[in-house]
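Q: I'd like to go through the side-chain contacts in this one, rings and charges both. Can you put it up?

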Amino acid sequence: MFSIVIPTWNSLGHLALCIASIEKHSRYDHEILVHVNEGSDGTVAWLKAQGIRYSHSPRNIGVCIAVNHLFGQASKEWVLYLNDDMVVCPHWDEAFVRAIETAPSPLAFYSGTMIESRASILPHVIAGHYGATPAEFSEEKLLAEYMQVPARDISGFASQPTLIRRELWHQAGGYSIEYGPGMSGDDDLLMKLWTMGCRTFKIIGASRFYHFSSRSTNRVRKNKGGRTFVMKWGITQQEFHENYLNLLQADSTFGALGDFPRPTLKGRLKRIGYGLSGNYPLGDLQAWDPMPLADKDVASR
């Protein structure tokens with residue numbers, strides 16, 4: 001039904017648990033594709049033994065390039081980008097299928113509802129502690145409780161895991177690599193989709209995932225994505241959320257905004273400040289291998 005793309009970075013314990021949950025709790029038979037960054041923990045050998053398709057880069061190339069590459073290998077119409085530190089809960093894919101079947105337009109971007117051990121003010125995150133590591137993971141407790149807290153579908157939000165049509169991803173150009181290794185790349189993708197006419201950005205309440213939280217982002221040197229966003233679009237990420245996506249939440253009229261953002265006073269001032277200071281970050285491009293993808297390591301399943 002879906003192609004599931006998973007970037008991973010020396011997190012074999014999390015990845016094995018993630019894939020096991022897909023195979024155990026999915027209603028449909030999905031295609032799984034993995035990109036291995038470094039793989040010094042035995043991930044490549046494990047994937048070979050499991051017969052799971054993968055690509056491999058000897059160094060960490062970041063989320064943007066890895067996910068773009070995996071989307072290029074995907075064969076299904078709809079593709080789910082899933083982090084390796086997530087566990088899918090039963091009926092996750094059925095909930096997504098219902099959303100697709102009732103969508104007013106194929107221009108749509110869906111996300112799942114996350115369950116995390118830490119409390120959050122975000123409306124699409126449910127608090128629930130079921131282990132901080134794969135070794136501590138309490139699957140039985142999660143399966144007994146994952147639907148206890150009600151959650152409705154929420155418009156105007158996006159998060160991981162994300163589900164999008166493969167064609168729409170490629171038309172938008174996927175993740176822009178100037179956000180490498182990945183911070184703020186999601187908002188940039190949403191803005192590109194907005195300019196294409198997409199107005200369905202929705203969290204699906206019944207599609208649930210347990211998230212171990214920030215397994216990779218706590219280890220990587222973060223790019224200054226907020227600065228890149230305002231230099232590119234002329235508005236801040238906060239303004240994009242408040243003046244564009246929030247209107248979808250309120251079910252208000254948003255047609256007057258147009259398909260392309262108009263630079264704001266705040267955005268102009270920030271552009272001037274960053275320009276005068278010469279502080280215009282483009283991501284850690286120099287840290288990436290110029291030929292990172294070892295296609296010869298792709299196995300078939």
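A: One term before we start: buried means under 20% relative accessible area. By that cut-off Phe240 is buried, because its relative accessible area is 0%. Keep in mind that this is a predicted model.

Q: Ok. How many aromatic pairs does a search of the whole structure find?
A: The search gives 18 aromatic pairs. One of them is Phe137 with Tyr210, with 6.0 Å between the ring centres and 25° between the planes, which makes the pair stacked.

Q: Where do Phe137 and Tyr210 lie?
A: Phe137 is in the loop between β7 (125–127) and α5 (139–145), and Tyr210 is in strand β10 (residues 200–211). The two are 73 residues apart in sequence, so the pair ties those parts together.

Q: Is Phe137 buried or exposed? And Tyr210, buried or exposed?
A: Phe137 counts as buried, at 15% relative accessibility. Tyr210 is also buried, at 0%.

Q: Back to Phe240. Which residue does Phe240 form a tilted pair with?
A: With Tyr244: the centres are 5.8 Å apart and the planes make an angle of 45°. Both residues lie in helix α9 (residues 237–249), with a spacing of 4 residues, about one turn of the helix. Tyr244 counts as buried, at 6% relative accessibility.

Q: What cluster do ring pairs link Phe240 and Tyr244 into?
A: The cluster consists of Phe109, Trp194, Phe201, Phe229, Phe240 and Tyr244, linked by ring pairs.

Q: Which charged end sits over the ring of Trp194?
A: That of Arg199, 3.8 Å from the ring centre. There is also Arg27, which lies over the face of Tyr28 at 5.2 Å from the ring centre.

Q: Stay on Arg199. Which side chain does Arg199 meet in a salt bridge?
A: Asp259, with an N to O distance of 2.8 Å. This pair links distant parts of the chain, 60 residues apart: Arg199 is in the loop between α7 (185–195) and β10, and Asp259 is in the loop between α9 and α10 (265–277). Arg199 counts as buried at 18% relative accessibility, while Asp259 is partly exposed at 42%.

Q: How many salt bridges does the count come to?
A: The count is 9 salt bridges. Among them is Arg53 with Glu31, at 3.2 Å from N to O. Arg53 belongs to strand β3 (residues 53–57) and Glu31 to strand β2 (residues 31–37), so this bridge ties together parts 22 residues apart in sequence.

Q: What are the relative accessible areas of Arg53 and Glu31?
A: Arg53 has 22% and is partly exposed. Glu31 has 14% and is buried.

Q: What about Glu77, which side chain does Glu77 meet in a salt bridge?
A: Arg165, at 3.7 Å, N to O. Here too the pair links distant parts of the chain, 88 residues apart, with Glu77 in the loop between α3 (62–73) and β4 (78–81) and Arg165 in strand β9 (residues 162–165). Arg165 is buried, with a relative accessible area of 13%.

Q: Last one. Which residues are linked in a network of salt bridges?
A: Glu178, Asp188, Lys192 and Lys232.

Note on methods
Residues are numbered from 1 along each chain as its sequence is written. This is a predicted model: local features need pLDDT of at least 70, side-chain atom pairs count only at pLDDT 80 or more; totals for chains, interfaces and linings use all residues. Side-chain values use heavy atoms; hydrogens and water are left out. Rings of Phe, Tyr and Trp (its six-membered ring) pair if their centres lie within 6.5 Å; planes under 30 degrees apart count as stacked, over 60 as edge-to-face and the rest as tilted. Buried means under 20% relative accessible area, exposed over 50%, partly exposed in between (1.4 Å probe, protein chains only). A charge sits over a ring if NZ of Lys or CZ of Arg is within 6 Å of the ring centre and within 35 degrees of the ring normal. A salt bridge is a side-chain nitrogen of Lys or Arg within 4 Å of a carboxyl oxygen of Asp or Glu.
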